[in-house]
Amino acid sequence: MLLFDSHCHINAPEFDQDRAEVIARMKEAGLCGAVVIGCETRELEPLRSLVAANPGYLWGAWAYHPEYRDTEPEPDVEAIVRANSTKDFVAVGETGLDFHWCEPPRDWQVERFVRHIEAARRLGKPLIVHAREAEAEAADILRAENAGETGFVLHCFSSSPEVARRVLDAGGMVGINGNVTFRRSTLIQESCRAVPLERILAETDCPYLAPVPRRGRRNEPSFVSFTVAKIAELHGCTVEEAASATTQNAIKFFRLPGGASPQQQGGPA
Ligand SMILES: [Zn+2]
């Protein structure tokens, strides 16, 4: 069974003590790869090194996260393109809108989001979209900007089936993560059920949101198996089918070369 974590932050300081072990556990758990995401300028170079040290296994994506107000020169379209131009960087993200952490006026967020969409279009790479308490607004911008052409995923989807429908209609994918396994997440479960399997990406967003039965602990990519098992339960298919579908979706969405198995990666790093 092959798994893929389409959204993780193993570049975060939470993994500084045992990153190699975390990557080894990913391989043991059957992950054939993961996309690692950088959210600020200072995260870019360390992310490059991490991805370069794990060729064909870890893939990068970078954007200036909507949670961070412009505390330094705002990256223009050229800078975003440059950051994501190498082959091992497979998406622009995470970008989007965050109405939970950021007070109005939020014009700067929308403008930044649109610049990221433009950069993705120029690169011919998909977008990883973060939308918190702003899912419908983000979906509308993505539709208006024709982002479905270059491809996008609304990651950590936590909204209603109606919003999921809007994402699908705009040509996007829906990212399902560990919070779908929480007992009270009935809305996310309902949305997950409403999205066809071929439009779902499985993700951890680690170190956050560890799935049941690891809830409350530091999350890590190997735990994506619990989320995939929940997706299988909600879709009435086998875990193998859900694993295969979400992995193939990720390979296609991120335009990865082939689908290397963990065995081909030379074992634990
Ligand atoms: Zn994230």
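Start by selecting helix H8: its buried residues are Val224, Thr227, Val228, Lys230, Ile231, Ala232 and Leu234. Here, buried means under 20% relative accessible area, exposed means over 50%, and partly exposed is in between, using a 1.4 Å probe and protein chains only. Helices (H or I, at least four residues) and strands (E, at least two) are DSSP runs, numbered from the N terminus.

Before you click on, note that this is a predicted model, where local features need pLDDT of at least 70 and side-chain atom pairs count only at pLDDT 80 or more, while totals for chains, interfaces and linings use all residues. Residues are numbered from 1 along each chain as its sequence is written, and side-chain values use heavy atoms, with hydrogens and water left out.

**Stop 1: around H8**

Stay on H8 and look along it: 12 residues, with 17 Å between the first C-alpha and the last. That's close to the 16 Å expected at 1.5 Å a residue (the expected span is 1.5 Å times one less than the number of residues). An α-helix has 3.6 residues a turn, so residues three or four places apart point the same way.

What do the buried residues of H8 pack against? Show S1, strand S2 (31-38), strand S7 (173-176), helix H7 (186-194), S8 and helix H9 (239-253), and you have the answer. Contact here means heavy atoms within 4.5 Å. Just after H8, click Gly236, which has a positive phi of about 60 degrees.

**Stop 2: the sheet**

Now show the strands. They form an open sheet of eight, in the order S1-S2-S3-S4-S5-S6-S7-S8, with parallel pairing. S1 and S8 are at the edges with a single partner strand each, so one side of each has no neighbour in the sheet. On average, neighbouring strands of this sheet are turned by 25 degrees against each other, direction ignored. Two strands pair if DSSP finds at least two bridges between them.

Zoom in on S2. Eight of its eight residues are buried, so S2 is largely enclosed by the rest of the structure. S1 and S2 run parallel and are joined by three bridges; select Leu3 and you'll find its bridge partner, Leu31, in S2. S2 also pairs in the parallel sense with strand S3 (residues 58-62), over five bridges. Pick Val35 next: its bridge partner in S3 is Trp59.

Further on, six bridges join S4 to S5, again running parallel, and Leu97 has Ala131 as its bridge partner in S5. S5 is mostly covered, with five of its six residues buried.

**Stop 3: helices over the sheet**

Select helix H2 (residues 41-52). H2 lies across S2, S3 and strand S4 (89-98), and runs at about 165 degrees to S3. Then try H9, which lies across S1, S2, strand S5 (127-132), strand S6 (152-154), S7 and S8, at about 100 degrees to S8. For these angles, axes are lines fitted to C-alpha atoms, for helices over the stretch in contact, and angles run from 0 to 180 degrees between N-to-C directions.

H1 is next: Arg19, Val22, Ile23, Ala24, Met26 and Lys27 are buried there. Their cover includes S2, H2 and S3. Gly30, which follows H1, has a positive phi near 90 degrees.

**Stop 4: the zinc ion**

Which residues are the protein donors of the zinc ion? Select His7 (NE2), His9 (NE2), Glu94 (OE) and Asp205 (OD), which lie 2.1 to 2.3 Å from the ion. Donors are N, O and S atoms within 2.8 Å of the metal (3.2 Å for Na, K and Ca); water is not among the atoms, so sites may look incomplete.

With angles of 87 to 180 degrees among the four donor atoms, the site is irregular. Four donors count as tetrahedral if all angles lie between 85 and 135 degrees; four count as square planar and six as octahedral if opposite donors are over 155 degrees apart and all others between 65 and 115; anything else is irregular.

Along the sequence, the donor spacing is H-x1-H-x84-E-x110-D. His9 is in the loop between strand S1 (3-8) and helix H1 (19-28), and Asp205 in the loop between strand S8 (200-202) and helix H8 (224-235), so this pair ties together parts 196 residues apart in sequence. His9 counts as buried at 8% relative accessibility, and Asp205 counts as buried at 9%.

**Stop 5: a loop cysteine**

Finish at Cys102, in the loop between S4 and helix H4 (107-123). Cys102 is buried, with a relative accessible area of 8%. Leaving aside neighbours within four places in sequence, Cys102 is in contact with Pro66, Glu67, Trp108 and Gln109.
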